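Please have the sequence and the coordinates open side by side while reading this report.

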Amino acid sequence: MSHEPATLEPGFRGVTADWSADKQAFPVPWGKAMMWIFLLSDTFIFSCFLTSYMNVRMSTTDPWPNTAEVFALTVAGHHIPLLLIAIMTMVLITSSGTMAMAVNFGYRRDRKRTAQLMFATAALGLCFVGMQAFEWTKLIVDEGVRPWGNPMGAAQFGSSFFMITGFHGMHVTGGVIYLSVVAWRVLSGFYDRKGTYETVEVAGLYWHFVDLVWVFIFAFFYLW
Amino acid sequence: MAFVAIADRDHEHALHDPQSFIRKYIWSQDHKVIAVQYALVAISIGLVALTMSVLMRLQLGFPDTFNIIAPQEYYQYITMHGMIMVIYLLTALFLGGFGNYLIPLMLGARDMVFPYLNMLSFWFYLLAVLVLVAGFFVPGGPTGAGWTLYPPQAVLPGTPGATWGIICMLASLAIFIVAFTMGGLNYVTTVLQARCRGMTFMRMPLSVWGIFMASILGLLAFPALFVSAIMMALDSLIGTSFFMPAVASMGEKTVHTGGSPLLFQHLFWFFGHPEVYIVALPAFGIVSDLLSTHARRNIFGYRMMVWAILAIGCLSFVVWAHHMYVSGMNPYFGFFFATTTLIIAVPTAIKVYNWVLTIWRGDVHLTVPMLFAIGFIFTFINGGLTGLFLGNVTVDVPLSGTYFVVAHFHMVMGVSPILVVFGAIYHWYPKITGRMFDEALGKFHFWMTFLGAYAIFLPMHYMGILGVPRRYYGYSDAIQFIPPSVHEANEWISISAMIVAATQLVFLYNLIHSYFKGPVADPNPWRATTLEWQTPQTPPKHGNWGKDLPEVHRWAYDYSVPGAPEDFIPQNVPHSDKTPVGREHGVPT
């Protein structure tokens, strides 16, 4: 019943028949299916964080600090708003590119290139976390921003900032560790022996998700 | 390279039977052992909550007599009773317990897709329970914020447990959510990806459908609770103001300013309402299977039952603010949420009609599981009908602060699911332990619990309509609108509650005694069709199925098929002259 070639019914009926067939709903490995479902759940976590941030931004009576001012750097006498954040965003999006290439080489079973690109991705992620640490230090030490208050305006600015970027930063840090472990296993030939590089793609899914979340944080927290 | 379904790759399941006692029963990765571990911890902590409710009833029924609970402790009892029962007993027992046990067995899988993660899920759950219990012993005792933990009072001094207790509660909830996520991912992925040959979605038993949908709801609803737990912990620990407005407490202005207490309510109920269905949907599914099996009839309207589960699951995300009618919101919001709430009654009513039509003119065997299943229909209709009152804004506003809500909530979310839990434990007890329970004690347990539940909660409707406020430590004669009959009702309720609580000891005795001394059970004592009863051994061994996975040829409800020699045909029996095609939808009969 399962080994005969599948007869494809056209149209919506075919989609239904395919999806409600026995054994599995999606032709993907278990780990990949589970990662997708986890990311859906994680999406709800970040949505709740961002919605809550918007809510307290509306409920507070104090003025909201101007993010273009707060997150500006002075380079060679020029005052450039959001410079560091722009660089961080570039770094993270670049890391998505290297991750996608790693997945591609994983499909071709190119052990060395896959591992190299994954380590590069992890390094870019580490770079992102490093810049975030710089950003936090600057805010805390130089500007006097605290989770419970700041000199520029509403206390919720600092609360939301540290909570949301902190939670995202923990995701990135976890991702760096995750990618490093997988990359090490790629290099050691673990997946060659296992016969599949699917874990590389699963790790890639997670990494792209963390990048995507950053885009939303960037848009809703820094640009708004 | 052609893709081979993983269910067909047997080497993926290279099973190494654990030999040592510890690997077999403690650090076990076997879904059946994990299920029993989950169930035992859940029942144990549930007994704590049950004891607390008895103590509260002693206070309410006989004020100024026992003095076990001091007035300032009463809210702590309410809070812990509610939270334990809803989260740590019902959610854990239905998903961690029955979900773990039934999903792989009913779907013909050897285990969950990621057994190690499944094991971690249980240990995190145990940790969550331990942190929760630690709340009883920290300075100030557990939190007394009410089970909904509304700010600002949850973290303000003056509320019991506002320093340590609330942190234990929030930490415990966060750990529980991590534990559930690990389990829930497993349940959903197993249902999607690891069904055996022939097991299509529309052949899955409704138990699996209910648990599957409830797990999805959990994965999407618990994030809101997780986020609110983090934010409230930050408010409490380091003085942020997510939920805390500028308030004066104990005559002093607090450090907080500009937060939104309503935000917490929205987040909490965005979790809280789906949570109702996280508990209810597995109960719906399991009760469908119990009714069908013990009435020897196919479930009426299987497809509609499935669609109703899906519809209820989706709708449950757009009704949450009906818990907040008295919190103050735009009247149009109330209109919207009342409408969606009443729309949920449609799929729910479909399910109730289908249950009744399933046993209608069936060959009903009044076994212990069947009694509990029928009892569930009664209590659920009762609790559902009072839900129609509370779903309407104008009716809810005067009733919301009264015992009517207590009665409704306990009928629909306390008694109804717990009756299914009892029925399900009795139903699967022979498979889990290999022994048969004592039927007479089981029937005694049913009648005392079922009638007792009505003795407890029916008078509360009356009290609620009289306007008796809930969450009160006592009702002095100075509250003039409360007539003497309410005091009598309170005594009656308390005595009934103690009898019902004592009856649960009979249940525990039955379970424990039968485990050691009960007669050896038949592998399929109820002559049921679903796969878990067709395992080569009873109780099933590690890996469930021996050498070959089962193959499914029919739906789960081929009872009393005309022309068949017996009144049931298991799902793994192929079509033949002696075992004809049943009433499976889409298959001509």
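## A helix crossing between the chains

In this predicted model, helix H2 of chain A passes helix H6 of chain B in a right-handed crossing. The axes of H2(A) and H6(B), the latter covering residues 206-238 of chain B, come within 8 Å of each other and cross at roughly 40 degrees.

On the side of H2(A), the contact is made by Ile37(A), Ser41(A), Phe44(A), Ile45(A), Cys48(A), Phe49(A) and Ser52(A). They meet Leu219(B), Leu220(B), Pro223(B), Ala224(B), Phe226(B), Val227(B) and Met231(B) of H6(B). Sorted by class, the residues of this contact between H2(A) and H6(B) comprise 12 nonpolar and two polar ones, with no charged residue among them.

Taken as a whole, the contact between the two chains draws 35 residues from chain A and 40 residues from chain B. On the side of chain A that touches chain B, the elements that give two or more residues are helix H2 (30-59) and helix H6 (155-187) of chain A. H2(A) gives the most to this side, with 14 residues.

The side of chain A that touches chain B is made up of 21 nonpolar, 11 polar and three charged residues. As to confidence, the model scores ipTM 0.93 and pTM 0.95, and chain B has a mean pLDDT of 93, with 96% of its residues reaching 70 or more. Where pLDDT is low, the predicted coordinates should not be read in detail.

## Helix pairs within chain B

Two packed helices are described by the angle between their axes and the distance between the axes. For helix H3 (residues 74-107) and helix H4 (residues 115-134) of chain B, the axes come within 12 Å and cross at roughly 165 degrees; H3(B) and H4(B) are therefore roughly antiparallel to each other, and their crossing is left-handed. In this pair, Tyr88(B), Ala92(B), Gly96(B) and Asn100(B) of H3(B) meet Asn118(B), Phe122(B), Tyr125(B), Val129(B) and Leu132(B) of H4(B). Six of the residues in the contact of H3(B) with H4(B) are nonpolar and three are polar, while none is charged.

Helix H7 (residues 261-295) and helix H10 (residues 368-391) of chain B pack at an angle of about 125 degrees, with their axes 9 Å apart. H7(B) and H10(B) are therefore oblique to each other, and H7(B) passes H10(B) in a left-handed crossing. From H7(B), Val287(B), Leu290(B), Leu291(B) and His294(B) meet Pro369(B), Met370(B), Ala373(B) and Phe376(B) of H10(B). The contact of H7(B) with H10(B) contains seven nonpolar residues and one polar residue, and no charged residue.

## A hairpin in chain A

Strand S1 (residues 72-75) and strand S2 (residues 78-81) of chain A run antiparallel and are joined by four bridges. Within this pairing, Leu73(A) has Ile80(A) of S2(A) as its bridge partner, and Thr74(A) stands opposite His79(A) of S2(A). S1(A) and S2(A) form a hairpin with two residues between them, and in its turn Ala76(A) has a positive phi of about 50 degrees.

Most residues other than glycine have a negative phi, and most peptide bonds are trans. Against that background, Lys23(A), which is not a glycine, has a positive phi of about 70 degrees. Lys23(A) is found in the loop between helix H1 (11-19) and H2 of chain A.

Where are the cis peptide bonds at Pro152(B) and Pro539(B) placed along chain B? A cis bond joins Pro151(B) and Pro152(B), with omega at about 0 degrees, and Pro152(B) is placed in the loop between H4 and helix H5 (165-193) of chain B. The peptide bond from Thr538(B) to Pro539(B) is likewise cis, with omega near -10 degrees, and Pro539(B) is placed in the segment after helix H14 (484-517) of chain B.

Conventions
Residues are numbered from 1 along each chain as its sequence is written. Chains are lettered from A and ligands numbered from 1 in the order in which they are written. This is a predicted model: local features need pLDDT of at least 70, side-chain atom pairs count only at pLDDT 80 or more; totals for chains, interfaces and linings use all residues. Two strands pair if DSSP finds at least two bridges between them. Two residues are in contact if their C-beta atoms, placed from the backbone, lie within 7 Å. Ala, Val, Leu, Ile, Met, Phe, Trp, Tyr, Cys and Pro count as nonpolar, Asp, Glu, Lys and Arg as charged, and the others, Gly among them, as polar. Axes are lines fitted to C-alpha atoms, for helices over the stretch in contact, and angles run from 0 to 180 degrees between N-to-C directions. A crossing is left-handed if the near helix is turned anticlockwise from the far one by less than a right angle, and right-handed if clockwise. pLDDT is the predictor's confidence in each residue, from 0 to 100. Angles under 35 degrees count as roughly parallel, over 145 as roughly antiparallel, 65 to 115 as roughly perpendicular and the rest as oblique.
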